[in-house]
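Welcome, and please get your viewer ready.

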Amino acid sequence: MDEPIINLHSDAYFMGEALRQAARAYEADEVPVGAVVVRAGRIIARAFNQVELLCDATAHAEMLALTQAEEATGNWRLTDCTLYVTKEPCPMCAGALVHTRVQRVVFGASDPKGGAAGSAMNLLQFPTLNHRCEITAGVREVECRSLLVSFFSERRAEKLEARDDPRNGARPNVRNGADPTLSAES
Ligand SMILES: [Zn+2]
């Protein structure tokens, strides 16, 4: 009776699966965003952001998860699916979510600057497009956001360390091997 009850069909549970994907992105030095697609209470696709790994700016977690879900269902229409993602979808992913007719989008951390699910703009419910997604925002938001915050603060710390490292700072203006003392004379 002391065991916590885990509702295997709750938004919090599926967001937990998206968070596991985001953690995999973090380990791979990618911006930590993860996504899963759920249909009839089952996960049919899981993906994490792989922009650096695939050298592809379109390899966001949502895009990869949608392609997987289309393959799993044999249908590009995902009308009975819910996509869970740790960060509010960007305009590209929101466009893909509308094109694939995803029924519902659940996200964790909102993105005031670039979020296309209601923060900066709302492409998921754009009046003149032929499909609108239901939106549930802020599920496990603190965990989703803290992954992103710690990732970017680590990155900033690494950059500062590199800048302050005397091994990197010895010849600060050298480009292409040119000696700055020589180029100053020419
Ligand atoms: Zn995106």
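Here is a short tour, with something to select at each stop.

**The whole chain.** Start with a cartoon view, and keep in mind that this is a predicted model. Following the sequence, they come in the order α-β-β-α-α-β-α-β-β-α-α-α. If you colour by burial, 33% of the 186 residues are buried. Among contacts with a separation of 6 or more, 53% join residues 24 or more positions apart.

**The nonpolar core.** Next, select Ala-65, Leu-83, Tyr-84 and Leu-97, which touch the most other members of the 45-residue largest nonpolar core. Two or more residues of this core come from each of helix 1 (11-27), strand 1 (34-39), strand 2 (42-48), helix 3, strand 3, helix 4, strand 4 and helix 5. Helix 1 gives the largest share, seven residues.

**Around Leu-83.** Now centre on Leu-83 and show its contacts. What does Leu-83 touch, leaving aside its neighbours within four places in sequence? The contacts are Ala-35, Val-37, Glu-62, Ala-65, Leu-97, Val-102 and Val-105.

**Helix 4 and its surroundings.** Move on to residues 91-99, which form helix 4. Show the side chains of Cys-93, Ala-94, Ala-96, Leu-97 and Val-98, the buried residues of this helix. Those buried residues pack against helix 3 (61-73), strand 3 (81-87) and strand 4 (104-109). Just after helix 4, click on Arg-101, where phi is positive at about 60°.

**Helix 3 against helix 4.** Helix 3 passes helix 4 in a left-handed crossing. To see where they meet, select Glu-62, Met-63 and Leu-66 in helix 3 with Cys-93, Ala-96 and Leu-97 in helix 4. The residues of this contact divide into five nonpolar, no polar and one charged.

**A last stop at Arg-155.** Finally, go to helix 5 (residues 141-164) and pick Arg-155. Is Arg-155 buried or exposed? Arg-155 counts as exposed because it has 12 C-beta neighbours inside 10 Å.

Definitions and conventions:
Residues numbered from 1 in each chain as written. Predicted model: local features only at pLDDT ≥ 70, side-chain atom pairs only at ≥ 80, totals over all residues. Buried ≥ 20, exposed ≤ 12 C-beta atoms within 10 Å, placed from the backbone. Helix = DSSP H or I, 4+ residues; strand = E, 2+ residues; numbered from the N terminus. Contact = placed C-beta atoms within 7 Å. Core = buried A, V, L, I, M, F, W, Y, C linked by C-beta atoms within 7 Å. Left-handed = near helix turned anticlockwise from the far one by under 90°. Nonpolar A, V, L, I, M, F, W, Y, C, P; charged D, E, K, R; others polar.
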